[in-house]
Amino acid sequence: MKTKLLVICMIATLFMGCGKSPSEMIQIGENYLNNKEYDSALTSFKVVFEKHIEDPLAPKAGYQIARIYLDNLDDYDNGFKVLNKISTNFPETEIGLTCTEELQQFPHWLFDTAESKRDSKNITGSIGALTYLVQKFPQHPVAPKSQYLVGDIYMNDQRNFELAIKSYRKIIADFPGSKQEPHAQFMIGYIYANVMDDSENARKEYSIFLQKYPDHELTPSVKFELDFIGKDINDIPQLKHITS
């Protein structure tokens, strides 16, 4: 029933657009946007952006469409496409130049958006933004950092250790040579040793770390872990004072 009403509203908006000027349709769209009626707002702005592409208000309508996709609907793909269309079709306008700059910073914007969503406890939204970033911009320098953050979210926010390990392994497989690669390998061993109490796999993963990154800053920590995997804290001289 809700879907049917939405379709009726969208058809009504299109019908209204046939007799209204671009400026009037912009105002209608902004009214919908202020009321958080995003689908109706999109329909109104699209009347201008798609049917009045030569009108001076077309870039403004397009930018509103892009921001609704990006800021309200988490539809990063369509938002990116609209920004790109504005940048291509209106390169000399102020909005066109803004879109060009936002396209250049898009991976960083996605990362910042993911961190903001994580801070507000929107974990699904945060992982969604990071996953899109890694898939869309795998060659960008922020991609391995984003994938590492996915692992950290699964590890610390969701306590889903299997998915955390899977996320860290993706860094090793897809981003060899990155700063995050040795840290990801360390975290795999750490989870097995200190969270899952799996000494066998912990030794295996830590040994891989020492083979691949013998001079890394985490090497002393790995060696310490290997020396005392599976032992009670009272059997570790360096830590015995904690329980004293």
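Contact here means heavy atoms within 4.5 Å. Helices are DSSP runs of H or I of at least four residues, numbered from the N terminus. The model is predicted: local features need pLDDT of at least 70, side-chain atom pairs count only at pLDDT 80 or more, and totals for chains, interfaces and linings use all residues. Residues are numbered from 1 along each chain as its sequence is written, and side-chain values use heavy atoms, with hydrogens and water left out.

**Stop 1: helix H6**

Select residues 94–104, helix H6. Colour Gly 96, Cys 99 and Leu 103. These three are buried (under 20% relative accessible area; exposed is over 50%, partly exposed in between; 1.4 Å probe, protein chains only). Now look down the axis of H6. The buried residues fall within an arc of 60°, so they line one face of the helix. That arc is taken from the directions from the helix axis to the C-beta atoms. An α-helix has 3.6 residues a turn, so residues three or four places apart point the same way.

Next, show the neighbours. The buried residues of H6 pack against helix H4 (58–72), helix H5 (76–89) and helix H7 (106–119). Then turn to the other side of H6. Glu 94, Leu 97, Glu 101 and Gln 104 are exposed there.

**Stop 2: from H6 to H4**

Glu 102 lies in helix H6 and Arg 67 in helix H4, so the pair ties together parts that are 35 residues apart in sequence. Buried or exposed: which is Arg 67? Arg 67 is buried, with a relative accessible area of 14%. Glu 102 is partly exposed, at 21% relative accessibility. Salt bridges that share partners join Arg 67, Asp 71 and Glu 102 into one network.

**Stop 3: from H4 to H2**

Select Lys 60 and Glu 30. A salt bridge joins their side chains at 3.6 Å, N to O. Lys 60 sits in helix H4 and Glu 30 in helix H2 (residues 22–34), 30 residues apart. Lys 60 is partly exposed, at 35% relative accessibility.

**Stop 4: H11 and H12**

Jump to Lys 212 and Glu 181. Their salt bridge spans 3.3 Å, N to O. Lys 212 belongs to helix H12 (residues 199–212) and Glu 181 to helix H11 (residues 180–195), 31 residues apart. Glu 181 is buried at 9%, whereas Lys 212 is partly exposed at 41%.

**Last view**

How many salt bridges does a search of the whole structure find? The search finds eleven.

Definitions and conventions: Helix = DSSP H or I, 4+ residues; strand = E, 2+ residues; numbered from the N terminus. Salt bridge = Lys/Arg side-chain N within 4 Å of Asp/Glu carboxyl O.
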